Amino acid sequence: MGQPGLNRRQLLAAAGGLTVAGSFGFAALGTGADALASGAQTRVRYWNLFSGGDGYNMIAMLDAFRKENPGIDVKDSTLQWGSPFYTKLAMAAAGNRAPDLGVMHLGRVTGFSPGRLLDPWDVDLLTKYGVREADFNPALWKRAVIDGKLYALPLDIHVQLCFYRKDVLKKAGLLGDDGRMVPVTSTDEWFDVLKEAKKATKKGLQTLGVHANDQNFMWWFFVAFYTQLGGTYFNDADTDVTFDTDKATEVLEFLRRHVTEGYSIAGAADGEQFINGAPFTWEGNWSVPVFSGAKLDYGATPLPPVFGKQATHAESHSFVLPHQSDRGGATNEGAHQLAAYVVKHAQQWAAGGHIPAYTPTLSTAAYKKLSPQNEYVSAMDHQATEPKVWFAGSTGILAQRVGPIVVSSTMGSAKPDAAARRMKSTLTALLAMKNPMDGKTAAQGGAVA
């Protein structure tokens with residue numbers, strides 16, 4: 001493939017208009033010169049962004065791989081989550097100092113200049129190690145394919161959920177015979193549920209945590225409910241904006257109503273409030289270990305289909321192959337083997353709340369016993385995702401530009417209809433922007449699945 005023709009200035013801009021702190025460092029950039037672990041014939045350098053409970057689970061999975069495959073020395077490095085990680089990964093790939101294996105959010109892959117900063121997966125090698133397209137949700141696999149090649153191997157789907165306290169909802173008469181929250185199919189039903197739940201809530205606690213002043217959460221929730229309404233962003237060719245301001249206004253009014261009617265307190269510590277007895281909170285599935293660790297009697301369901309269609313915001317941690325001019329041989333095969341192993345042995349990963357992307361895991365008795373994971377696993381079949389364009393994805397430019405507009409509406413500093421128009425004008429400007437990594441607009445370098 002040859003070395004990518006990208007300079008340092010382009011890469012720093014491409015990572016999302018970031019500045020790199022002096023302490024950023026490149027200590028994790030391995031040279032391959034250090035000795036192999038005893039008995040190993042091959043080294044695989046692996047970068048990830050998993051900390052906390054996810055980090056512990058990943059380490060456990062890597063240790064299991066090492067035990068079963070002593071011939072492969074896995075040198076793993078955990079880097080800072082978010083934009084700094086993507087900046088470092090891009091610069092390493094451009095400088096031919098990339099690790100053999102990395103992790104990315106699937107939504108960021110399109111903008112990471114596949115073919116220049118990412119190498120495609122060898123699907124035959126993946127098949128050799130037991131991973132096939134048929135083992136994945138079709139929509140998820142399709143998102144990982146660009147220009148006919150697989151550039152990401154999904155590890156999981158992580159989704160936004162409606163967590164609920166069973167003790168409070170039982171008191172409010174909002175639990176069904178199955179011990180789960182009563183179903184909701186409209187905005188009126190949802191606010192009726194909140195009204196009854198509020199009556200059963202301890203004084204001083206909010207009814208629902210929605211992270212009203214957080215641009216990421218507000219954007220994720222907007223994506224979910226806008227998708228429920230059938231809203232789109234761009235046409236298939238990425239040449240025109242199809243954003244529906246009427247539908248967007250309806251979603252923005254819905255989100256704002258939680259604050260104006262007193263069900264949500266802007267700036268509240270939503271997770272803590274839930275632990276202390278608030279009946280509802282909307283959080284990512286990564287909160288499962290926190291709430292389970294607090295010994296709560298709770299459940300979790302996909303975001304309520306208040307606009308009639310099931311859809312909840314979803315992203316995916318995926319394995320990628322950062323560009324190497326000399327990729328191949330035993331090290332490349334080891335990277336494929338390691339990624340396939342982790343994907344296939346994701347039961348440990350599921351304990352952290354994530355939905356495994358490898359669908360055979362979902363049918364195992366062990367997974368079916370996981371609670372509340374077994375309640376929201378259906379979210380895999382109705383994912384609400386950002387558009388497949390270079391400026392989208394977790395911590396991407398799209399969220400940075402549009403998220404604050406959603407917050408301005410939710411917090412009341414802008415009217416919903418005015419915010420919707422600003423969102424459309426922002427999308428129009430983004431569509432005309434060139435990706436700093438390759439100098440192409442979304443239409444010129446648009447992903448083709």
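Which residue just after H10 takes a positive phi? Glycine 262 does, with a phi of about 80°. The model is predicted: local features need pLDDT of at least 70, side-chain atom pairs count only at pLDDT 80 or more, and totals for chains, interfaces and linings use all residues. Residues are numbered from 1 along each chain as its sequence is written, and side-chain values use heavy atoms, with hydrogens and water left out.

Helix H10 covers residues 245-260; helices here are DSSP runs of H or I with at least four residues, strands are runs of E with at least two, and both are numbered from the N terminus. At 1.5 Å a residue, its 16 residues should span 22 Å, and the end C-alpha atoms are 21 Å apart, which agrees. The expected span is 1.5 Å times one less than the number of residues. At the start of H10, the backbone nitrogen of aspartate 246 lies within 3.0 Å of a side-chain oxygen of aspartate 244.

The axes of H17 and H18, lines fitted to C-alpha atoms over the stretch in contact, come within 9 Å and cross at roughly 170°. H17 and H18 are therefore roughly antiparallel, a term for angles over 145 degrees between N-to-C directions, on a scale from 0 to 180 degrees. In contact (heavy atoms within 4.5 Å) are residues including Ile397 and Leu398 of H17 and Pro416 and Ala419 of H18.

Notes:
Polar contact = N/O pair within 3.5 Å; in protein donor to acceptor, adjacent residues only side chain to side chain. Parallel < 35°, antiparallel > 145°, perpendicular 65-115°, else oblique.
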